[in-house]
Amino acid sequence: MEFYGKRNLSSYMDEERTSFNQSSNHSPLRTHQIHDHHSSPTRSMMTVMPQASPDSPWTLSPLHTPSPSLLYHCIASLNRHEGNIYSVAVSRGLVFTGSHSSRVRVWRQPDCIEKGYLKASSGEVWAILGYGNMLFTTHRDNKIRVWNVTNSDNFRYKKVSTLPRKTSLLVFPRESPQKHKDCVSCMAYYHAEGILYTGSRDRTVKAWRVSEKQCVDSFVAHEDKVNAMVLNQEDGYLFTCSSDGSVKIWRRVYGESSHSLTMTLKYQPSPVNGLALSLSLNTCFLYSGSSDGFINFWEKEKMSGRFNHAGFLQGHRFAVLSLVAVEKLIFSGSEDTTIRVWRREEGSYFHECLAVLDGHRGPVRCLAACLEMEKVVMGFLVYSASLDQTFKVWRIRVLPDEQKKVCLDDGNTSDDLKRKMEYEMSPVLSPSWVEKKLLGSHFQ
């Protein structure tokens, strides 16, 4: 473990114990600072927020905005007492979180009101995927549950099926040959064909036809565990990544259920932990986040369909664990406790890091994001879950060029921005996370 500065692990632990004792003896009012970018920095407003009720798990967080191109703040933060959050998904105005418990919590967008939960007596929820009224979840028993959810005044859900289906009770119980041998870590759903893809730590990928509740194909995809997958809805190509350091592209054989490998992308030896696909009218970019802290990206050739390595994004100090792409923005969550917001310039390979979100004190294991349009300002809601057992909701607004110039002219000098960026780029890992990492169980 690498530390920055001359402090050792014991000093961090002593500091955490001291802060905990102080917080238990004093409970001051929380403040929420709002920075007004259309006035000088000295005119920032400070409003005193009332204490939350004892039953509410939500806390407000301060607002930091180092970039004139983007405004953001954390609108909610939840500490989970049921263990780490392993998965987050957004679908049709609802947010789903899966944790160490067997429950899938359901929250309403954007006010983060809890709507209820889905209960499955099968252990941890490793991955969640939503499409329409369908919700797919994977559990400790290496099976996939398919749910039907209804977003109304009264949230309702019904378990539709379990993949693979149970064997007949008339025969001796035995393991289904269609079942994964290890944890199902990721999923992707092909809308046009109704096929669900699942990737597992057993190195295999399986394709399920949901309507028939059958596994139609299974193949060994990598030499090590499969960590993430994304699917191009336009042509059905599947992208998988693994701890073996490779990204692979698969396509379904025309008229058949089998799949063939079309291309292997391997630009670094480090394990690849996350994938994101950014599509626009004329371009297609694939992003991969690896344990060396880099985000490599490839561009798809229009004529041949091949993916050519176009560069990499550097900024994270530790492993990149999660990636999400929405429009031209890419969100990356890292082991260094931060979330970076990147924007690709139209017609080029140039990427700009717009902001560094630094609310967590542990590795950011999973991310989800969705678009939130407000008149001329493009907005996003970003959901992040960390191994510090917190779940945070961020509201992000990307300013048009005209408003960006106003912000730059109103007293936000480059020196001020540089000082803020230097502060936000100095992650401090919590001692509890350091202990987990030293024990070698940091991603469990």
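This is a predicted model: local features need pLDDT of at least 70, side-chain atom pairs count only at pLDDT 80 or more; totals for chains, interfaces and linings use all residues.
Trainee: Got it. Which residue in β7 is the bridge partner of G98?

Mentor: V104. β6 and β7 form a hairpin, with three residues between them.

Trainee: And what does β7 join next, and over how many bridges?

Mentor: β7 joins strand β8, residues 113-119, over six bridges, again antiparallel. R108 has I113 in β8 as its bridge partner. Four residues lie between the strands of that hairpin, and C112 takes a positive phi near 60 degrees there.

Trainee: Is C215 buried or exposed?

Mentor: C215 is buried, because its relative accessible area is 17%. The cut-offs: buried is under 20% relative accessible area, exposed is over 50%, partly exposed is in between, with a 1.4 Å probe and protein chains only. C370 also comes out at 17%, so C370 counts as buried.

Trainee: What about C353, how does that one count?

Mentor: Partly exposed, because its relative accessibility is 23%. C353 is found in strand β28, residues 351-357.

Trainee: What is C353 in contact with, leaving aside neighbours within four places in sequence?

Mentor: R340, V341 and W342. Contact means heavy atoms within 4.5 Å. C353 and W342 are 11 residues apart in sequence, yet their C-alpha atoms are 4.4 Å apart.

Trainee: Switching topic. Which residues of the largest nonpolar core touch the most other members?

Mentor: L70, F331, V341, L357 and I396, out of 20 residues. Such a core is a set of buried Ala, Val, Leu, Ile, Met, Phe, Trp, Tyr and Cys residues joined through side-chain atoms within 4.5 Å. Strands that each supply at least two residues of this core include β4 (70-79), β27 (339-344) and β31 (390-398). Apart from it lies another core, of 16 residues, with W107 and Y383 among them.

Trainee: What does I396 touch, not counting residues up to four places away in sequence?

Mentor: Its list includes L70, F331, V341, L357 and M378.

Trainee: Now the open sheets. What is the strand order in the one with β13?

Mentor: β13-β14-β15-β16, four strands with antiparallel pairing. β13 (184-190) and β16 (214-220) stand at the edges with a single partner strand each, so one side of each has no neighbour in the sheet. Neighbouring strands are turned by 20 degrees against each other on average, direction ignored. Axes are lines fitted to C-alpha atoms, for helices over the stretch in contact, and angles run from 0 to 180 degrees between N-to-C directions.

Trainee: How many bridges do β14 and β15 pair over?

Mentor: Five, in the antiparallel sense. I195 has R209 in β15 as its bridge partner.

Notes: Residues are numbered from 1 along each chain as its sequence is written. Side-chain values use heavy atoms; hydrogens and water are left out. Two strands pair if DSSP finds at least two bridges between them.
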